[in-house]
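Before reading on, take a moment to look at the structure as a whole.

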Amino acid sequence: MANGGDVAVSTEALQAHYRMMQTIRRFEEEAARAYAQGKIGGFLHLYIGQEAIAVGAAAALRPDDYVFQTYRDHGTALALGMPADAAMAELFGKDTGCSRGMGGSMHLFDVERNFYGGWGIVGGHVALAAGAAFKARYQREDRVTVCFFGEGATNIGGFHEAMSLAGLWKLPIVFVCENNQYAMGTPMERTTAIRDLTLKAQGYGMQGDRFEGSDVTRVYEHLCAAVDRARGGEGPTFIEIETYRFRGHSMSDPAKYRSQEEVDEHKKRDPVAITRAQLIDAGVSEDALDDVDAEVDELIDAAIAHADEAPPAKQQVMLDSVYVTTYPEAG
Amino acid sequence: MREIRYREALNEAIAEEMERDERVFLIGEEVGHYQGAYKVSAGLLERFGDRRVIDTPIAEAGFAGVGIGAAMTGLRPVVEFMTWNFSLVAFDQIVNNAAKARLMSGGAISVPIVFRAPNGAAKQVAAQHSHAVEALYAHIPGLYVVAPSTPRDAKGLLKTAIRSDDPIIFLEGELLYNLKGEVPDADADELIPLGEARVGREGADCTLVAWGPSYHRALSASAKLSEQGIECEVIDLRSLRPLDSATVIESVRKTNRCVIVHDTWPYGGPGAELVDRIQRDAFDYLDAPIGRVTGHDVPMPYASELEAQVLPTDERIVKAVRRAAYQE
């Protein structure tokens, strides 16, 4: 998976990207169905339309690099290698979920794969990611941190303070703004005075990079460059990736603030379809890709079945997860 | 045993733990070159260097979050807030991230971090700089709250806090920093456990429960009460979470009376929590309603006469104990 510098993408790698993007797409579609059936509660924020970002970014990282994400976190978790079973079981609130049913959709964690969540307060996790980058440098480790957030986060104080510190200390971190155009239901022109968010990078003393994110290879190449800079001690990069979520902010959002025409226009840049077309151009057969789709369908069906049958979340795990050390009078 | 100041005791605790464990570092505003806003970190930059004693810009949410992220991934930060008032702009980091990471990850993540600063009123620094925050943080499962009142407790509890695997809210006192007291020698490596109250004065007539600066008021009030023939047992809770209610209950079963003294506001505070536990576990032993002497329910005024009225005084404590003894 690791690369770092050599950005040539083979057809084989692109096929792997396609498989993962399709896995995320199908995971999200089946999660939406399970939500409608009442099997998933709370909030459910789907990643459909943004798959190329998680997959391209994950491919640019080494297994020991740290990743932080917001509550729209399923795609990133899967791209980093979290088994679909563990992710789906978490959405179902089951004991076999990646967070033992304690976190749910917004709080996926996979510390073994250095995926550190899964955070629900907009902008609140950006400083945490800077802290992981701080730790890597403190311990003189050759590890980079990538922090994802939406464009809505760029207006809140937590974002600003974390960016200030990361820039000041030249931490080995890459900030990736997944600009899906809407902070919940409010379009960017009504929340932000500038269109090009990377203008902010200069103020934090860091490099900026901005591009459209429906092509997984493009995401991969740009991330490789930023990750290399971070690894090489050249400090953070603030990347703004233009993207679009095809569904509402969460399952309770019918997305009436945007027109069907607008959504349809963006769907022409469906990252899964784009990758598929690229593979066909590269000589991969439709049949071979249909086989991949069928395998992905099986994987997701199995994840749903697993989540359905998994034991419920356990009270003892809840009680044991408040503190590492408990005291008789602690509560 | 030698006598040192509360501030020096804290300094020794940090230095000893940094010496012992390379993962421990100090971060905050003015902790390095300035030697600490209250000189708690004096000499640490020179001794440990700027890799481990880190000055920050005025960005509490930022450096608190950096500390939490570093703790989640394996370091053991000591985060200084200059004063607890300024923690309020980092409240989200402490409450939503430090206190929640472990549960939300199903126990996969721990956050071994200490947040420390002086708590409560100083002298005439008015409403925004006089917060006693224990009620805010003791309310939150996932945090432990410690409030030492003596140099010995300050050192022993801070060392324990730094070695703890859970997030600790460590409440010092601006008016305690100069307090002198006996502290074991450095090589004693004394660790005082969380959740163990200390009986600072024994007495049979009324239990006085306090912590932090109020503990010293409770002691001086009990001296006055002794002259009037009322002997108070004074308990310093030392930790508010975990809360050693057993020691309090045991004392109340002996004295049959209890008055709780704290600087912070009465509404929903640790005093109210204690009242609930005492009435549940010592109901049949109580000879009088439990009294509370607290900071008045107002934002802190600037004028010194008013500030003195707002904080608990010996006179108010004496009156509350006499009322509990039906002598008022």
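Helices here are DSSP runs of H or I with at least four residues, and they are numbered from the N terminus. The model in which we look for them is a predicted one. With that in mind, find helix α5 of chain A, which covers residues 126–138. Helix α5(A) is followed by A:R140, a residue whose phi is positive, near 55 degrees.

Helix α5 of chain A has 13 residues, and from its first C-alpha to its last it reaches 18 Å, which is close to the 18 Å expected at 1.5 Å a residue. Is this helix enclosed or open to the outside? Because 12 of the 13 residues of α5(A) are buried, the helix is largely enclosed by the rest of the structure. Among these buried residues are A:V126, A:L128 and A:F134, and the list also includes A:K135 and A:Y138. A:Y138 has a further feature, for B:R51 lies over the face of its ring, at 4.2 Å from the ring centre.

Along the principal axes, the C-alpha trace of chain A spans about 65 × 50 × 40 Å, and 57% of the 331 residues of the chain count as buried. If we take the contacts in chain A with a separation of 6 or more, residues 24 or more positions apart account for 76% of them. The chain exposes about 12800 Å², and carbon and sulfur atoms supply 49% of that area.

The C-alpha atoms of chain B fill a box of roughly 60 × 40 × 40 Å along the principal axes, while buried residues make up 62% of the 328 residues in the chain. Among contacts in chain B between residues at least 6 apart in sequence, 80% join residues at least 24 apart.

The last stop is the aromatic rings. A pair of aromatic rings is described by the distance of the centres and the angle of the planes. Over all chains, the count comes to 22 aromatic pairs. One of them is formed by A:F159 and A:Y204, which are edge-to-face, with 6.1 Å centre to centre and 85 degrees between the planes. This pair links distant parts of the chain, since A:F159 lies in helix α6 and A:Y204 in the loop between α7 and β7 of chain A, 45 residues apart. Both A:F159 and A:Y204 are buried.

In chain B, the ring centres of B:F91 and B:Y137 are 5.5 Å apart and the planes stand at 55 degrees, so this pair is tilted. The pair again links distant parts of its chain, with B:F91 in helix α4 and B:Y137 in helix α6 of chain B, 46 residues apart. B:F91 is partly exposed, with a relative accessible area of 28%, whereas B:Y137, at 0% relative accessibility, counts as buried. B:F91 and B:Y137 also belong to a cluster, in which ring pairs link them with B:F63, B:F81, B:W84 and B:F115.

Conventions:
Residues numbered from 1 in each chain as written. Chains lettered and ligands numbered in written order. Predicted model: local features only at pLDDT ≥ 70, side-chain atom pairs only at ≥ 80, totals over all residues. Heavy atoms only, no water. Phe/Tyr/Trp six-rings, centres within 6.5 Å; stacked < 30°, edge-to-face > 60°. Helix = DSSP H or I, 4+ residues; strand = E, 2+ residues; numbered from the N terminus. Buried < 20%, exposed > 50% of the residue type's maximum accessible area, 1.4 Å probe, protein only. Lys NZ or Arg CZ within 6 Å of the ring centre and 35° of its normal. Contact = heavy atoms within 4.5 Å. Areas by Shrake-Rupley, 256 points an atom, 1.4 Å probe, with all protein chains shown as cover. Expected span 1.5 Å × (residues − 1).
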